[in-house]
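Student: Hi, could you walk me through this protein with me looking at it on screen?
Tutor: Happy to, let's bring it up.
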Amino acid sequence: MGKTNNLVIVESPSKAKTIGQYLGPGYTVKASMGHLRDLPKSKMGVDIEHNFAPQYIPVRGKEALIKELKADAAKADTVYLATDPDREGEAISWHLKELLGLSDDKAQRVTFNEITKKVVKDSIQHPRDIDYDLVDAQQARRILDRIVGYELSPLLWKKVRRGLSAGRVQSVATRLVVDRENEIRAFQPKEYWSLDVTLNRVGKSGSFVAHYYGSPKKRELENEEQTNAVIADITGKEFTVTDVKKAEKKRSSAPPFTTSTLQQEASRKLGFTPKKTMMVAQQLYEGVEIAGEGTTGLITYMRTDSLRLSDEAMDAAADFIRARYGKDYYYGSHHVFKTKSGAQDAHEAIRPSHVELEPERVRSSLTTDQYKLYKLIWSRFLATQMANAIFDTVSIDTECAGHVFRASHQSMRFPGFIAVYEEGRDDDGEAVGSPLPDLTAGDKAVSVKQEKAQHFTQPPARYTEATLVKAMEEKGVGRPSTYAATVSTIQDREYVNKQDKRLAPTPLGEIVTGLMVERFNDIIDVEFTANMESRLDAVEEGKQQWQSLLAEFYDGFSKELKDAEEALEGVRLKVPEEETDEVCELCGRKMVIKTGRFGRFLACPGFPECRNTKPLVEHMPGRCPKCGSGMLKRKSKKGYAYYACEKGAECGFMTWDVPTAEDCPECGQTLFKKAGKGRNKPFCINENCSKFLPEDQRGYYKKKTAENAETAESTEEPEEKPKKTAAKKAAKTAAKKTSTKKTTTKKSTTKKKEA
């Protein structure tokens, strides 16, 4: 019997490397690098009149890869389509099957919730057919978003500004931010007062602070007059302890991570954006080269809304906890969390693939970001199977002249899961109060100090990226796979910007949202969007036909679009300019933010009398290695990002490398990292430091020429970045073309004269 030849296709090279290592000989593992077939970019690519038939074409630039995969597939006995285990992954597998011309018998679908040797081998042994309900649900989403984007965006170009885009989910996310801003503007602060008294026990040592509670029922002091009246009532009078309550309070661990809660916690604790969280999580899922272990997938699939954990994972956690912390720290049985209603529950919660691979054990093999996120996921999972934390609480009520003052305190008796992990909070934590003396009912006390303070209720806070994701999840807007992309998109489109780590709508975002609310209320309605997600879920479950869903949507949408075009005939909406505190040094006006070919910049509003402009800079973490000042992100004339000292020409330092928030452990200077996407480890650029990394070792592409090919390894010339090389190449090509045209013109002129 001949040796079998099996082809396994995944999305990324790192995933291919990990799986190839597990499968061994007999299997060729190749990466598709994402989608190989999609709707065309130059047109809608959907035949609305013929039952919304999509017009898929090969992705431009991937012709060589497609040809290579076709050749590999033709030689293979079986082709395993091992793309991600979600709707989009299922659709990619279907596109591969169609593009490579695979028969139903030859194409086998396999999925991995975690990329471990056991799971990979088991999955290969139990393949299935492509799930066409999943494919249809993804097609419906893709076509739905294409219709909204390609038919609505041109209206925004005509009525607001060229280059704008509208999206089914991104428009709703923008509306959430705009609505919150309107709530803040409309908010009317309400006055209230607090009153604290410091009490000394009569005849015994010990003092404590009690807070005004009520008279005797709970009551809020609304103004200073009410507060002063209470003070007048209690001045010079004795307080009596009326009630002492002591109790044991237990606190359970937070559930394991879902996509949404991981993005929220990574934002709170690590300062990661949702987009960055998902990028780093993808790396951990696909596999990392671990010293002594080889390429290893460290976490389970990171796009999930399920709280389910496998029995095998919980057993492994139990063994680890008992061995490391002792049996008292184990929960006692499998701690199972109930997944919320409406969740797809297709995969487990996010957890480490191997709980025995502690974060510190693999730290040297991970980048700083990978280590931080892995530690967060590992700790949260382990905590879910640990015992409750136990607190002793005491609450003491004292009464004077009919007014009740309450003091409370909480102390930890047993840490339980808190020994490993405690969930972050978006609001202020619960006050535990100061330790209280041992009091009993009937004890007397006297007031030695009264403190009153005026307060005002605060408006709702602007969304952070984490709380916006939380709001989207609670309202059913989007799905785990779309949260990060949506939050990133509304910022990239300049509908929303970040101010002090919170999201605020731009004037452009408010104008576009206002137009959408007025003319396309269904598209931008939160409930409508959430209902559409439910209907897409119904397609996935085989309960709804995808073309009928699109037809029902398009009937109403096309009518709204026609009505809007008629109502806005001849109307052009003006976007208010964003005024800044930056003063024009030429005329003294406050400069405004404008958008040009290469993004936003500062301009004088006095144009055309005053034509002064300035770059809009972004402050970066870290310090200038030359003078210690702050670092700024700037853009070159061709739109490429670089990083420079905030002192500008006075200092003169600039670099293409990105400054980080980390310091070199050897010399204390700011560490930098290679620009662009990928697993970029920080490095030191201080030449006098033992940790210094020369430019030619930082991973940038260096073009070899005939002159320097032989000496490329020993040259001290700094490497050029791809963008810079491409830019120079384009400039040289343009110059060459111009020179050629001039030479041709001269030659033809000469020939004419000779003739």
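Tutor: One term before we start: buried means under 20% relative accessible area, exposed over 50%, and partly exposed in between, with a 1.4 Å probe and protein chains only. This is a predicted model, so local features need pLDDT of at least 70, side-chain atom pairs count only at pLDDT 80 or more, and totals for chains, interfaces and linings use all residues. Residues are numbered from 1 along each chain as its sequence is written, and side-chain values use heavy atoms, with hydrogens and water left out.

Student: Okay, is Tyr325 buried, exposed or partly exposed?
Tutor: Tyr325 is partly exposed, at a relative accessible area of 28%. Tyr329 counts as buried because its relative accessibility is 19%.

Student: And what kind of aromatic pair do Tyr325 and Tyr329 form?
Tutor: A tilted one, with 6.0 Å centre to centre and 40° between the planes. For pairing, the ring centres of Phe, Tyr or Trp (its six-membered ring) must lie within 6.5 Å; planes under 30 degrees apart are stacked, over 60 edge-to-face, and the rest tilted.

Student: How many aromatic pairs does the whole structure have?
Tutor: The search finds 15. One of them is Phe320 with Trp378, edge-to-face at 5.6 Å centre to centre and 85° between the planes. Phe320 sits in helix 10 (residues 311–324) and Trp378 in helix 12, so this pair ties together parts 58 residues apart in sequence. Both Phe320 and Trp378 are buried. Helices here are DSSP runs (H or I, at least four residues), strands are E runs of at least two, and numbering goes from the N terminus.

Student: Which rings link into a cluster?
Tutor: Phe52, Phe520, Phe528, Phe553, Tyr554 and Phe557, joined by ring pairs.

Student: Back to helix 10. What does Ala313 touch?
Tutor: Ala313, which is in helix 10, contacts Arg351 and Phe381, leaving aside neighbours within four places in sequence. Contact means heavy atoms within 4.5 Å. Ala313 and Phe381 are 68 residues apart in sequence, with their C-alpha atoms 9.5 Å apart. Ala313 is buried, with a relative accessible area of 8%.

Student: Now the core. Which residues touch the most other members of the largest one?
Tutor: Leu298, Ile299, Leu373, Tyr374 and Leu382, out of 65 residues. Helix 12 (residues 368–384) gives the largest share, nine residues. A nonpolar core is a set of buried Ala, Val, Leu, Ile, Met, Phe, Trp, Tyr and Cys residues joined through side-chain atoms within 4.5 Å. Another core lies apart from it, with 57 residues, among them Ile9, Ile66, Leu144 and Leu536.

Student: What about Ile299, which residues does it touch?
Tutor: Not counting residues up to four places away in sequence, the contacts of Ile299 include Ala281, Leu284, Tyr374 and Ile377.

Student: New topic: how much space lies in the largest cavity?
Tutor: About 50 Å³. A cavity is a set of points on a 1 Å grid over the protein atoms alone where a 1.4 Å probe fits but cannot get out, and lining residues have an atom within 4 Å of a point.

Student: Which helix gives the largest share of that lining?
Tutor: Helix 15, with three residues. The lining residues include Leu156, Ser165, Tyr495 and Met516.

How values were computed
On a 1 Å grid over the protein atoms alone, a cavity is a set of points where a 1.4 Å probe fits but cannot get out, and a pocket is an open set with protein on both sides within 12 Å along at least five of seven lines; lining residues have an atom within 4 Å of a point. Grid points are joined across faces, edges and corners, and a volume is the space filled by probe spheres set on the points.
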